[in-house]
Amino acid sequence: MQTRKILLSEDEMPRQWYNILADIKMNPPLGPDGKPVNPEALAAVFPMNLIEQEVSTERWIDIPEEVLKVYSIWRPSPLVRALSLEKALDTPAKIYFKNESLSPPGSHKPNTAVPQAYYNKVFGIKKITTETGAGQWGSALSFACAQYGIECKVFMVRISFDQKPYRKSMMAVWGGNCIASPSNETKAGRDALEKDPNTPGSLGIAISEAIEAAISDETGQTRYSLGSVLNHVLMHQTVIGLEAKKQLEKVGEYPDVIIGCAGGGSNFSGLSLPFVYDKLNGKQIDIYPVEPSACPTITRAPFVYDHGDTAGYTPLLPMHSLGHGFVPAPIHAGGLRYHGMAPIVSQLVSEGIMEAKAVTQLEAYKAGIIVARTEGIIPAPETNHALACVIDEAKKAKEEGKEKVILFNWSGHGLLDLAAYDNYFSGKMKDFILTDEEMLKSEEIFANYPKPALLKNR
Amino acid sequence: MDTSKDSLERRCPRLGSPVSFRYCMLYGDNSLPCWKIFDCWWEAFDVTTYLKLNLSEDQFNTVVNSKPKPKITSLIELIEQAKKRNS
């Protein structure tokens, strides 16, 4: 029988996180006044020991023993060879994934929630506030705070609070106090409710509430916590990639391709940054952050001659196009829009160290179903984006006849996201369903343009 | 306002749960549509034309050109706002 899981013992767990800021140059974050931020400005919401990590340029940061103890509840996570998926795809590629769905809350999020709770505790903080959308981060932080005896207050956006009762229940089990945002507990919440008592809330209001709740504690014993984007968050997540490296070494492998879904960038960075370190030192690896497609592709667009620009200055070129007037320039910029993405990932993409990939939501769910039916685990919807790219790469390896090693991060399970799968099965989820009327309208622009011949070379 | 798209649903990548198009239209910053509305809805219908028809030119341009501030910048702004609310 072929080995499926490559395991590390608890003794083999990495003892340090990798901090990529030792190896790359970044523009400093700017404050609202346009000047570089003084780290002290964040002291109202973060403990100083975490602020020090945020700006540190030390390459290796020790993982405290007390954090390792909690990590050991589910870490080291297994590195799994996706043998059934390989067989289903009939690919020569070897596909490995880090299974981060095995943490108590079911995602990679506690990799940073645990150290954040720990550093707050060490700093003398008694209560942490945060915001959450559907509850993944709120449940991870509630779990982490329970481990260190810290109070946790989670402002959950009302619309998700009503839709996802089980996340709220998870938080309650771990002692987290999850309340719907907007709430009456903050002025930001009260203002929003006064404006619209039936508001479903938004992440913007929930963040405002969590920050207000932190800074309005006059005892100074409350701080705020954020689960993505920031440098120290990404650094805590590198435990994923550092473990993966050790596990691959055990079987004499090294990845040719690394793939992860990239929303805020934390799970993707967690897996990839330790390998970026190798790439910066000469290793040849393709590293792909994957996000939802951001601009129209050729799905139903007619094959026409069109200008490549909205103004119509460039020569007519044969292309699949919805009309050069269809999408305004800032949106039609193509590729991924890194709005809300971790600055470290944006920087590495702009330098060409990583190459952004995009998949449609339909491709993502289709991939998720294939993988669930082969590897067994039901993926979180965001993980599905990575899976679509993994399948593409595995098929490419087959076409090229190459035995590539593909490594990806299984960032979480989808057991509390089954409504999204129901929508997929019921056909509610569709790619590009322009009505005929809308299609005709966008094609009108081509009426007087020449039509290209549909040439085939084979 | 054309309400024919209001009940369309998709998963919000920011929240991680399903939302209606109406939610995306109404609950961005300053009661404008969410800054991700183009990226999220282009797969379903011609959201650009829809917004052009249903927003004023100024509102449309604001949404097209809006992007979230870097996290640290927005955190500092939120801290300042919260301090003002508490003073």
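I looked up A:V229 in this predicted model and found that it counts as buried, because 22 C-beta neighbours lie inside 10 Å and the cut-off for buried is 20 or more. A:V229 sits in the loop between strand 9 (222–224) and helix 10 (231–237) of chain A, and I noted a positive phi of about 70 degrees there, although the residue is not a glycine. I kept in mind that most residues other than glycine have a negative phi, and that most peptide bonds are trans.

I then turned to B:S31, which is not a glycine and yet has a positive phi of about 60 degrees.

Next I checked peptide bonds and found a cis bond joining A:R75 and A:P76, with omega about -5 degrees; A:P76 belongs to the loop between helix 2 (65–71) and strand 4 (79–81) of chain A. I also found that the bond from A:S181 to A:P182 is cis, with omega near 10 degrees, and that A:P182 is in the loop between strand 8 (177–181) and helix 8 of chain A.

Last, I looked up the contact of the two chains, which takes 58 residues from chain A and 39 residues from chain B. On the side of chain A that touches chain B, helix 9 of chain A gives the largest share, seven residues, and I recorded that the residues of this side divide into 35 nonpolar, 15 polar and eight charged.

Key: Residues numbered from 1 in each chain as written. Chains lettered and ligands numbered in written order. Predicted model: local features only at pLDDT ≥ 70, side-chain atom pairs only at ≥ 80, totals over all residues. Contact = placed C-beta atoms within 7 Å. Helix = DSSP H or I, 4+ residues; strand = E, 2+ residues; numbered from the N terminus. Nonpolar A, V, L, I, M, F, W, Y, C, P; charged D, E, K, R; others polar. Buried ≥ 20, exposed ≤ 12 C-beta atoms within 10 Å, placed from the backbone.
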